[in-house]
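This report covers charged and aromatic side-chain contacts. Have the model open while you read.

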Amino acid sequence: MSSTLYRWSLPISTVICVLLLLLIATTRELPPIGLVMYESKSVLSAFLDIFLDALPFMVLGVLLSTVVENFIPEGFIRRMTPRHPLGGILFACVLGIMFPLCECGMIPFVRRLMHKGMPVYIAVIFILVGPILNPIVFASTFMAFRGDPAMAYSRMGLTFGVALAVGLFLTRFLKSNPLRHAIPALPNKTHQHKNVHTHGEKHSHSHDDHQHHNHDHDHSHDHHHAHGGRVMTMLSHGSTELLEMSKYLMLGAFLTALIQTFVAQDSLSAIGQGPFISHVFMMGFAYLLSLCSTTDAFVAVSFAKTFSPGSLLAFLVFGPMIDVKSTLMLLSVFKARFVLTLSILVAVIVLTGSLLFMHFFLT
């Protein structure tokens, strides 16, 4: 496990555990052994629910990244990517509509796109807005807030505003490479192909009588060998990618299960209608819960009678962009300082935007 994971996940886990222990100690007496066992089962059940719900989306992201690696040439990505910053931001938003991935499957897919030549600022925007700006999430939000469809439109609008602000900030101030590891150079397949072709030509000159037969046989054998090699490469790449990302998902799911088990939701009503603190609290709550963007609207609507619409909007936008799972996964690709700066930037923009939407669009 990487040193960055040790530096960040262990202190965060310690702080969360201490807060939970303080919460338990100040609100009730020590539970009996039977209750401890029951709560342990609740933690395990919540962990399995989160992990199994997120795993298919992560597998989908790995499959897409494998397809990108083996079938999409580097030049195609570079030709499709706009050079103007505004065009790049719109391109990232369109990718979110075309590839409806949850945040769990976004990181491996985007990492492969960066290996193919996608600029970092477009990749970051795609990671942030991709889990929200897609038809599946819009439909789930619209269904959850059937009595208030403005929430679904506000969620999409604020997400696009965050994409615009973050994209312009990165194009203006991002000067150094934020990746933890340099993107490896792709092998020169053209040179290898030429060597094979030259070898075939020499072979044909030395066997005049069997030229056509041997050429056809070797071509068929090489084609079969290349096809089998590509399949093995795809399997190797996919399994490595899946194992690497799953450890971050498991840790994030475990921390989230602890929060869902030990924090009582009915204790939140005291701050639910605060004009400012409710927004901050719901953003922090979304960060800790780490819900999937396709299901978080149904959790948010359960707080509709307790929290203001603006705070629910902040919950729906900030959570899919930055949460415990995505933070750990971002740390596997980007440097810790960049992830911290990005998280603070997104938090400030979402907080400001949710307050503005609350004032002008939501009642």
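Is Phe281 buried, partly exposed or exposed? Phe281 has a relative accessible area of 27%, so Phe281 is partly exposed. The scale is this: buried is under 20% relative accessible area, exposed is over 50%, and partly exposed is in between (1.4 Å probe, protein chains only).

The model is predicted: local features need pLDDT of at least 70, side-chain atom pairs count only at pLDDT 80 or more, and totals for chains, interfaces and linings use all residues. Residues are numbered from 1 along each chain as its sequence is written, and side-chain values use heavy atoms, with hydrogens and water left out.

**Aromatic pairs**

The structure holds 11 aromatic pairs. Rings of Phe, Tyr and Trp (its six-membered ring) pair if their centres lie within 6.5 Å; planes under 30 degrees apart are stacked, over 60 edge-to-face, and the rest tilted. Two of the pairs are tabulated here.

| Pair | Centre distance | Plane angle | Class |
|---|---|---|---|
| Phe281 and Phe285 | 6.1 Å | 15 degrees | stacked |
| Phe357 and Phe361 | 5.1 Å | 45 degrees | tilted |

Phe281 and Phe285 both sit in helix α11 (residues 277-289). They are 4 residues apart, which means about one helical turn between them. Helices are DSSP runs (H or I, at least four residues), numbered from the N terminus. Phe285 is buried, at 7% relative accessibility.

**Salt bridges**

Side chains of opposite charge can pair when their charged atoms come close. A salt bridge here is a side-chain nitrogen of Lys or Arg within 4 Å of a carboxyl oxygen of Asp or Glu. The whole structure has 2 salt bridges.

One joins Asp296 to Arg155, at 2.8 Å from N to O. This pair links distant parts of the chain, 141 residues apart: Asp296 is in helix α12 (residues 296-300) and Arg155 in helix α8 (residues 150-173). Asp296 is buried at 2% relative accessible area. Arg155 is buried too, at 0%.

Another joins Lys325 to Asp323, with the closest N and O atoms 3.9 Å apart. Both Lys325 and Asp323 are buried.

**A charge over a ring**

Arg172 lies over the face of Phe173, 5.1 Å from the ring centre. The cut-offs: NZ of Lys or CZ of Arg within 6 Å of the ring centre and within 35 degrees of the ring normal.

Technical notes. Helix = DSSP H or I, 4+ residues; strand = E, 2+ residues; numbered from the N terminus.
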